[in-house]
Amino acid sequence: MSSPCPICRKPATPEARPFCSKRCADVDLQRWLSDRYVVPGAQDDEENPLSTDFDN
Ligand SMILES: [Zn+2]
């Protein structure tokens, strides 16, 4: 048995492991990139434009 998807906890699939789907892999990538984009001392903490930017 493979490990569950770290994003949604569904069973992972061979095509997208360790995720359940390409979508979850992409979500994980986005989180990782977003985390790297966080700049200590940035002044834009109160507004989060990223939350409205997923309309793809
Ligand atoms: Zn998933």
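A: Begin with contacts, where two residues count as touching if their C-beta atoms, placed from the backbone, lie within 7 Å. In this protein, of the contacts between residues at least 6 apart in sequence, 0% join residues at least 24 apart. The model is predicted, so local features need pLDDT of at least 70 and side-chain atom pairs count only at pLDDT 80 or more, while totals for chains, interfaces and linings use all residues. Residues are numbered from 1 along each chain as its sequence is written.

Q: How many helices and strands does the secondary structure of the protein have?

A: Helices (H or I, at least four residues) and strands (E, at least two) are DSSP runs, numbered from the N terminus. Here the protein has 1 helix and 0 strands.

Q: What span should helix H1 have, at 1.5 Å a residue?

A: The expected span is 1.5 Å times one less than the number of residues in the helix. Helix H1 covers residues 22–37, 16 residues, and so should span 22 Å; its end C-alpha atoms are 22 Å apart, in agreement.

Q: What percentage of the residues of the protein count as buried?

A: The test counts other C-beta atoms within 10 Å of a residue's own: 20 or more is buried, 12 or fewer is exposed, and anything in between is partly exposed, with C-beta atoms placed from the backbone. Of 56 residues, 7% are buried. H1 is hardly covered, with 1 buried residue among its 16.

Q: Which residues does Ile7 touch, not counting those up to four places away in sequence?

A: Ile7 lies in the segment before H1 and touches Phe19, Cys24, Val27 and Asp28 under that exclusion. Ile7 counts as partly exposed because it has 17 C-beta neighbours inside 10 Å. Its C-alpha atom is 9.8 Å from that of Arg23, 16 residues apart in sequence.

Q: Is Pro6 buried or partly exposed?

A: Pro6 is partly exposed because 15 other C-beta atoms lie within 10 Å. Pro6 is also in the segment before H1. Leaving out residues up to four places away in sequence, Pro6 touches Pro18 and Asp28.

Q: What is the peptide bond from Arg17 to Pro18, cis or trans?

A: That bond, from Arg17 to Pro18, is cis, with omega near 5°. Pro18 is in the segment before H1.
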